[in-house]
Amino acid sequence: MRALVYEKFQGPLSIQQVADPAPKNHGVIVKVTATGLCRSDWHGWMGHDSGIELPHIPGHELAGIIEEVGKDVRNFKAGDRVTVPFVCGCGTCSECDSGNHQVCDYQTQPGFTHWGSFAEYVALEHADINLVKIPEKIKDETAAILGCRFITSFRAVVHQGKVTAGQYVAVHGCGGVGLSAIMIARAMGAHVIAVDIDEETLNLSRSLGATQTINASKAGHVADHIKSITNGGAHVSIDALGSQVTCFNSIANLRKRGKHIQIGLMTGDHQHPKVPMDMVLANELEVIGSHGMQAHRYPQMLDMIKKGSLQPEKLIERTISLDEAASALPIMNKFENKGVLVINSFQ
């Protein structure tokens, strides 16, 4: 099969012919029809994920058609259109037993723990608990971008943040995951404040539901500004970037008993940020992580997409080929794209 491969971290990416994958007894092989480029793929290429073995094929947001099924798979068959969350559970550990596959003790992640979806085919494990059938109304390109950024934001806003109508939600960093959070929070009836340093990105955030925007490069003290316009602070605040500054601001801009949700990956020098713990204590703030979403929690999100209250396809800036991804992936840290790029051509 054709695949995008790198043989060393921060090294060249090239299109290569590699062996087709074979399914495990509990797994499937999916013919990839669409796959999103995510900044997590860039983190992997940079070497920020110590679990990646080289040579490697990135890609973890995907949609496709089942090509081959392992002998123990019961709920899926060849020809099914499917997607998958980027964290695949084992189904048997204590976390999976409690329904929390997104923090499985033995999780697999396409594009990280094994070869991913920047290829014609991808192997997925424990299919019966991890795969999600794609409804007819949802296109492959839309389904592909659900598997990381969108589901993480959905769980952060709906399940972790428990956002309700009328609340103020601040979103710090308006890349793919931040824009997803804005759309979802607005769909839940919240007043959404988008924070970024790029005016074009802030314009896009308004088109997706942000009711107010703040350019952090011009606003001075962001937390004070948000507290002023919300009459006390955000009820829920999301760091969708993953930096020391955005994490601090997201906690500092909360009202009493507010919730900070950390979505953006904290890597390198940002792994251990300064936290205003005095405010956390005095104001009974909650600091919560959000790491993907279980396959069995997809139905609510898919229903909202089918009804049109969520329109993740609006996040797609453009589609590209597998060959074009070789040059697009290494520059994702430059944030030149205002929306999401999706690979939908593999030849």
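Predicted model: local features only at pLDDT ≥ 70, side-chain atom pairs only at ≥ 80, totals over all residues.
Modeller: Local features need pLDDT of at least 70, side-chain atom pairs count only at pLDDT 80 or more, and totals for chains, interfaces and linings use all residues. Residues are numbered from 1 along each chain as its sequence is written, and side-chain values use heavy atoms, with hydrogens and water left out.

Biologist: Which residues of helix 5 and helix 6 make the contact?

Modeller: From helix 5 they include Phe150, Phe154 and Val157, and from helix 6 they include Val177, Ile184 and Ala185, where contact means heavy atoms within 4.5 Å. By class, this contact has nine nonpolar, three polar and one charged residues; Ala, Val, Leu, Ile, Met, Phe, Trp, Tyr, Cys and Pro count as nonpolar, Asp, Glu, Lys and Arg as charged, and the others, Gly among them, as polar.

Biologist: And at what angle do the axes of helix 5 and helix 6 cross?

Modeller: They cross at roughly 45° and come within 8 Å, the axes being lines fitted to C-alpha atoms over the stretch in contact, with angles from 0 to 180 degrees between N-to-C directions. Helix 5 and helix 6 are therefore oblique to each other, given that angles under 35 degrees count as roughly parallel, over 145 as roughly antiparallel, 65 to 115 as roughly perpendicular and the rest as oblique.

Biologist: Switching to helix 11, which of its residues are buried?

Modeller: Tyr298, Met301, Leu302, Met304 and Ile305 are the buried residues of helix 11, which spans residues 298–307; buried means under 20% relative accessible area, exposed over 50% and partly exposed in between, with a 1.4 Å probe and protein chains only. Seen down the helix axis, they fall within an arc of 160°, so they line one face of helix 11, the arc being that of the directions from the axis to the C-beta atoms. Helices (H or I, at least four residues) and strands (E, at least two) are DSSP runs, numbered from the N terminus.

Biologist: What do those buried residues pack against?

Modeller: They pack against strand 5, strand 7, helix 5 and helix 6.
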